Amino acid sequence: MYKIATLNKISSKGLERFSDRYTVSDNTSDAQGILLRSQDMHSMALPESLLAIARAGAGVNNIPVDACSKKGIVVFNTPGANANAVKELVLTGILMSARNVSSAIAWTKTLTEDISKTVEKNKSQFAGHEIKGKVLGVVGLGAIGVMVANAAESLGMHVIGYDPYMSIQSAHELSRTVEVSESLDLLLPKCDYITIHVPFMENTKELINEKRFSLMKDGVCLLNFSRDQIVSEADILNALETGKVRKYVTDFPSEKFLCNDKAICIPHLGASTKESEENCARMAVDQMMDYLENGNITNSVNFPNCSLGISTSMNRIAVLNKNVPAMLGKITGILADMNINISDLNNRSKGELAYTLIDIDSEVDEVALKQALNVNGIISVRVI
Ligand SMILES: NC(=O)c1ccc[n+]([C@@H]2O[C@H](COP(=O)([O-])OP(=O)(O)OC[C@H]3O[C@@H](n4cnc5c(N)ncnc54)[C@H](O)[C@@H]3O)[C@@H](O)[C@H]2O)c1
Ligand SMILES: O=C(O)CC[C@@H](O)C(=O)O
């Protein structure tokens with residue numbers, strides 16, 4: 001039996017995929033797997049039993065990924081599974097800002113009498129502009145950025161994108177007519193709207209700051225559906241105050257934005273659609289089960305993708321190790337010394353980490369194997 005703990009509400013469309021070999025609860029003690037959405041795990045003690053964490057979503061900044069790598073805990077996310085939901089809310093944000101929708105609705109709700117006359121007399125204060133022909137800058141051309149760029153183009157916007165690490169898949173999916181900028185600083189002065197779609201990491205912390213605001217057009221609209229700390233709070237508040245930024249549409253409200261008329265605050269709803277929650281949950285559960293039952297890794301953010309398909313051999317050995325020279329030779333040498341015959345093997349690396357899956361046709365003494373493989377560079381060993 002495998003024990004799975006959920007830290008957030010995970011769609012039943014995902015949870016129902018667990019077979020009767022699994023129990024699911026919110027109790028993390030003795031859990032082999034954790035499923036979560038945005039719950040912050042940084043101050044949580046990781047149970048010794050934990051083998052994998054699956055984030056039903058894209059961002060993993062709520063998970064202590066480095067600590068997990070050291071302990072041999074594989075961290076998964078669900079790339080692209082919620083991208084369409086975010087794209088639709090970003091377009092909503094652009095249109096709401098262009099047509100002053102949120103302030104207009106708030107004003108309309110204050111009306112008490114003679115409503116149609118008052119509306120016609122005063123509506124001009126909320127007159128907006130069309131987005132057709134306006135320039136949109138998309139920072140980060142991953143799953144969400146590419147969808148936003150393509151959709152905005154089809155609404156008549158001219159789109160400029162920037163992503164120094166764009167994947168082949170994104171390059172393939174991005175509309176040919178989207179202009180690709182060589183640098184962020186060259187993109188900023190050209191845009192009427194700028195939308196951020198990069199992950200939150202050390203090098204994207206306050207990516208949008210005072211210096212970057214100074215490069216933008218006066219009256220630009222900034223949209224942040226990525227993470228709060230990618231935009232400097234003090235600097236965006238100042239930019240709203242001076243009028244450099246006309247509107248800030250954010251999925252990450254804080255006290256200071258709630259009382260600012262120029263901020264359109266959304267309560268982290270980017271991924272909150274039935275479809276997206278189901279997609280993320282299905283993908284997270286499938287990846288978790290394939291890892292626990294077969295040792296296969298798909299869409300991990302710390303360990304490499306590696307598969308030997310469904311396990312049909314007598315035993316499968318899964319070794320998480322450091323990506324240093326001679327590891328594979330060491331592992332296979334130890335198996336040879338134990339008179340274990342290898343029938344299939346896959347070894348993959350990603351940055352400083354590597355993973356080796358080995359199918360064997362014989363029984364194995366798990367305790368003796370783990371003892372023999374307790375050598376420098378090996379993080380963990382599992383017999384499946
Ligand atoms: N609001 C929400 O509910 C919601 C939902 C999903 C994702 N997100 C956030 O959006 C982020 C992006 O999601 P995604 O699914 O598109 O992820 P993704 O990994 O597909 O795309 C991120 C892109 O950013 C690029 N990038 C990284 N650093 C960059 C930099 N300095 N400048 C420009 N580009 C850079 C990467 O190369 C990648 O192509 C997530 O990490 C998450 O924080 C929020
Ligand atoms: O789970 C959510 O609601 C938000 C997910 C989102 O922030 C993500 O990074 O995928």
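Me: How far apart do the C-alpha centres of domain 2 and domain 3 lie?

Reply: This is a predicted model: local features need pLDDT of at least 70, side-chain atom pairs count only at pLDDT 80 or more, and totals for chains, interfaces and linings use all residues. Residues are numbered from 1 along each chain as its sequence is written, chains are lettered from A and ligands numbered from 1 in the order in which they are written, and side-chain values use heavy atoms, without hydrogens and water. The protein divides into domain 1 (1-82 + 273-302), domain 2 (83-265) and domain 3 (306-384), with bounds from an automatic or database domain assignment. Between the C-alpha centres of domain 2 and domain 3 the distance is 49 Å.

Me: What percentage of the accessible area of ligand 1 does the protein cover?

Reply: Polar contacts are pairs of N or O atoms within 3.5 Å; within protein, one must be able to donate a hydrogen and the other to accept it, and residues adjacent in sequence count only if both atoms are side-chain atoms. Oxygen atoms of ligand 1 lie 3.5 Å from a backbone N or O atom of Gly 142, 3.4 Å from a polar side-chain atom of Arg 227 and 3.3 Å from one of His 268. On its own, ligand 1 has 860 Å² of accessible area (Shrake-Rupley method, 1.4 Å probe; for residues, only the protein chains shown count as cover). Of this, the protein covers 87%.

Me: How much of the area of ligand 2 does the protein bury?

Reply: The residues around ligand 2 include Arg 37, Arg 55, Arg 227 and His 268. An oxygen atom of ligand 2 is 2.6 Å from a polar backbone atom of Ala 58, and polar side-chain atoms of Asn 82 and His 268 each lie 2.8 Å from an oxygen atom of the ligand. Alone, ligand 2 exposes 300 Å². The protein buries 90%.

Me: Which residue of E4 is the bridge partner of Leu 35?

Reply: Strands are DSSP runs (E, at least two residues), numbered from the N terminus, and two of them pair if DSSP finds at least two bridges between them. E3 (residues 33-36) and E4 pair in the parallel sense over four bridges. From E4 (residues 52-55), Ala 52 and Ala 54 point one way and Ile 53 and Arg 55 the other, all buried (under 20% relative accessible area; exposed is over 50%, partly exposed in between; 1.4 Å probe, protein chains only). The partner of Leu 35 is Ala 54.

Me: Which strands stand at the edges of the open sheet of seven strands?

Reply: The order is E8-E7-E6-E9-E10-E11-E12, with parallel pairing. Two strands have a single partner each, so one side of each is left without a neighbour in the sheet. They are E8 (179-180) and E12 (263-265).

Notes. Near = heavy atom within 4 Å.
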